[in-house]
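Here is a short report on a two-chain model. Please look at the sequence and the structure first.

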Amino acid sequence: MATKIELDGISMKFGDFYAVRNISLKVEEGEYITILGPSGCGKTTLIKVIAGIWRPTEGRVLVDGQDVTDVPIEDRDTGYVFQNIALFPNMDLMENVGYSPRVKDMPKDVTESVSTEYLELVKMLDRAGMFPGELSGGEQQKVAIARALASGSKMLMLDEPLSALDARVRVELRYDIRRLVKKLGITVLHVTHDQEEAMSVSDRIVLMRAGGIHESGSPLEMYREPKSIFAAYFIGETNLLGCTVTDKSRTGKTTVRLRGGKSVKAARSELEEGDAAVISVRPERVYTATEGLKAKVLSVVFMGTYWRVRTVTETKDYVDYNISTDKVTPEIGSKVYLVFNKKATKVFKRPEKGLAEAIRLE
Amino acid sequence: MSLFKKINAISDNDKVRKAWFGLAVAVFVCLIIVPSIFVVTKLLTEWGVVSDTLGNSEIMSLIYGAVGNSFSIAFIVTIIDIIVGIPMAWIFVRKNFKGKKYLDTLMDMPLAFPTAVLGISVVIFWGVPADGVTIPGLGLVVSPYMMMIMLHIIFTYPYMVRSLSAILEQIEPNYETAAMTLGASRFTAVRTITLPLFRAGLVTGFILCFARSLSETGGTYIALTLMGDETTFFTGPTFIAFMKEMDPSVALGPMIVISVIMIVLALILLLLVKRIMIRIKLPVTKVWPSIGRKLSNGIAPKLKDIVSIGFLMLVVLLPAFYIFAYLTQPILNVDYGQLLSSTGMSFLVAGVAVVFDIIFGIPVALYIARHRHTKMGQLLDNLVNIPLIIPTTALGFSLALFWGSLGTGGIISVILVILGHTSFTYPLVVRNITGAVEEVDPSYEEVAMTLGAKPLQAFSKVLMPIIKSSIIAGAILAFTRSLGETGATIAITSDVNTVPVYITELISSGSYSEAAICSIILILICFVFMFAVRAVTHRGDKSA
C-alpha cells in the first residue's frame, strides 16, 4: 500500500500557544485512523491542517507524495465532516449532497446523479427533498458524510462526528461509517475522545497528548501492550499501583514490592532491581483467591454485563475488579484476597513528576 | 432593602406579575403607540381643512415632491448602505486585526453626533455653502438631492453594519468552511450559503436605515439652509418643520395630509419589506467557479476590504468630523449661558425618556423574547417597530395634536417633548433587550427558582447581570438618538429649547461659526458622557 498522507514536522501556533507541535505521521492509502486524546490535545487542529482549513506554522503536508501545504482549501479535495454537522440549512438534502459537483460547475444532470448515488449509499435517498432541520442528528450526520464523499475525495476527515448523537445511534453509525469507507477505499482520519469508539472502528489509533503524538498502534497493541502509563490509563480502564522492583529473573520476569512490603509477581520488563515502578493491571485481569493481596470491598456496581467491585487494599491502593453477573457479589466491607494475572500486568518506570502528572488529561 | 424584599415576596404572585405586565403594555399602547398615529383620526375630525388642502394643487405638488424625495432618498441610501455594509460587517465579525477595537468605536461615533451638527459638517465638506462659512470645502456636491444622500448615509450606515454584524455572528462559520472543503471558493461559499441565511439581518437593517433616513429632520433642514435651498427643496419632515413656522390656520391642513401620507406609507412599507425580502430569490443556482475564484484570491478580497474601510473613512467619518476644522478659526464669543441651558434641557429630556424606556420596556421585551411564537408576542413585536418607522416629525406633530388639549407652555411642553422622545427611543431599548434575552437560556432562571429564588430575584440576580451590557448599549443608543433629535422636538412645541433646536436657530440666523463651536462643545460633552457611562458600567467586569 502506498502512503496517502504524510505529515512532516507539522506545528501550529496560535499566538504563543502551540496547538500541535512537531508532528510527523504517515497514513497508508485506505487506512482508517482514529486520533484519540483528551480535550484540547490538538487533535482537531491536526485534521484541520490536513484539510487545509488552517495553514500550519511549520512543516509540510504531503498527499500522494505532493506537497500541498500551500494549496488553498477549496483545491485540497479533502472531505471534512464537522462535529456540529453543518449541513446548509437553506438547501434540501439533494442540494446539500450535490453542492460539491455544483460549485465545480458540473452539468446539472451529473450533479443530480452524483447526489442520488451518495444519498443512496447512506440510505437517505427517500428523504432527498427534506431540509436538514427535519432530520434527526444521526440522519443529518449520514447526509453530511454523503456530502463530503460526493466531492469525489479519497480522503475523509471526521471531526468527532458522533459525539453529538444519542448513545445507540452513535454505536450503529460508527459501524456504518467504517463499512462505507472501506467499501469505497477511502483514507480516514477520525478524531474522537471516546476510546471505545476508537478501538472498535480503527485500523490504527494515534494517541495525542498536549499537542504531540504520544503513542500509536493497532487497537489491540494499544490495549494489551501500552508503552506508557498514559496510554494504559486512557485506553481502556486500568489499576495503577506504585511499587519498587525487587527481583528480576533471567528471562526478565519482574517481582515488585508494593507499598507496605507486599510482594507481587509481574510480567517482563526492562527495569532493573531497585527501580521505582508502577504496575498496571486491567480490572478484568484481577481475580479473587484464598490468599493474595488483602483488600476491603468499598462498593459493588452493576454495569449491565458485569459487576464492578471497588476495593482498597492493605497497601492503601484502590483496585477494581470485575465479576460476571451470574456470580454472587461480596458484601460491602467484607475482606477479599486479590491476585493479578501476572502476564497481563505491565511494569512501567515510575514517572519522576509523579503518577498524577503522568495521567493528567489536559 | 426591605422594600425590595416586599416586592420580591409579592413577585411570586402570578396575578401581581400579570398586573405589572398589563401596566407595561398599557403604557406602551396608550403613551407610545396611540399618540404616535393619532394624527390619522384628524382625517375625519378635520376633514374641512384636509379637503381644502387636497384641492389645492400647488400645495399638493409640494407635498408629493417632498414625500417622493423622502422615500427615494431613503431607498437609495439604504441600498448603498447594504452594498458597502455587507463587506464591512464581514470585516468586523470574521476578521481579527490590530486596531479593530478602535475602528469599532469610530464607527459608532456618528451616532453620537446630533444630526444637526452632521448637517453643517457634511455641507461644508462636500458642498458650496452659502456666504458666511469661512471653512473651505471640496465643492463637489451642489445638488441638494445628492447632498441629502451623502448626509443620510452617515447616520444610517452604522445601523446597517451593526444589524448585519449581529446576524453574521449567529451564522455558523463552519458553513463557509464546509463549503470550501467541498471545493467552493470563498466568494461562492458566501454567495450560496451565507447570504441566503442573511435575510433576517437585511430586513432589520433595511427597516432601521430606511426609517432613520425617512424621519431625519434636523440635519436635513440645516444642510438645506446652509445650501440656501430650504424654501425650494423639501423632504417630508422638513416640509412639516417648514409649515410649523407658518400661521396655524394655513399650516394645519398640509401638515395633517403630509403626516398621514408619511405614516401610512411607512406602515405599508414595514409590512411589505419582510414579505418581499423573504420571497426574493437570490440567483444561487448557477455558480461561476472561475469568477468566484478570481474574486476570492489575490488582489480582489484585499481591494474589497480597502474599499470598505476607505468608504467608512472618506464618506462617513471624514465628513462627520470635518466640523472640527472650525477649531482653526479664531474663537468666537459664544453665548455659553444659552448653550448650557439648552444642553441641560437636552440631557433632562433624553435622561427621563431613557429611564422611562427601560422601566416600561423590560417587561415588554421579556415577554416578546419568551413568547416569540405566540400571537400576542408577535403582535407586540410588530407594534414595537411602529414608532421606529414613523417619521419623527409626523410623530411629534401627531403627539402635539393628541395632547394638545392639555395646553402648552412651561412644564407641560417639557413633558410632551419627553413623551415624544420616549416614543421613538422606546423601540431601540426594547429591540436591544429582546435580542439579548433571546440569547440567554431560560433554564438559568428556572434553576435559580428551583434553588428558591422568587421571580424578581431570579431576574435581578441571574438574568439582569447577563443582559446588563445590552441594556446599557440600548440605553446609550436611545440617549444619543434623543440628544440628536430635532424634528420631533420642533413639531411638538416651539417652547422647549434643546441643543439641536438651538443650533438650528443659530444656523437660520446665519451665525454659522457660533453654531459650529456649539456643535463641537456638544460633541465633546457627549463623548465625555458616553465614556463616563462606559467606565462606570464596565468597572469590574471586563467581559461586558
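## Fold of chain B

In chain B of this predicted model, 83% of the contacts with a separation of 6 or more join residues 24 or more positions apart. Two residues are in contact if their C-beta atoms, placed from the backbone, lie within 7 Å. Chain B has 25 helices and zero strands. Helices (H or I, at least four residues) and strands (E, at least two) are DSSP runs, numbered from the N terminus.

Of the 544 residues in chain B, 46% are buried. Buried means that 20 or more other C-beta atoms, placed from the backbone, lie within 10 Å of the residue's own.

## Dimensions of chain B

Along the principal axes, the C-alpha atoms of chain B fill a box of roughly 65 × 60 × 50 Å. The radius of gyration of chain B is 24 Å, which agrees with the value near 24 Å for a compact globule of 544 residues. That radius is taken over C-alpha atoms, and the globule rule is 2.2 Å times the number of residues to the power 0.38.

## Domains of chain A

Chain A is assigned domain 1 (3–230) and domain 2 (237–353). The bounds come from an automatic or database domain assignment. Taken over C-alpha atoms, the centres of domain 1 and domain 2 of chain A are 39 Å apart.

## Numbering and confidence

Residues are numbered from 1 along each chain as its sequence is written, while chains are lettered from A and ligands numbered from 1 in the order in which they are written. As the model is predicted, local features need pLDDT of at least 70 and side-chain atom pairs count only at pLDDT 80 or more, but totals for chains, interfaces and linings use all residues.

Notes. Buried ≥ 20, exposed ≤ 12 C-beta atoms within 10 Å, placed from the backbone.
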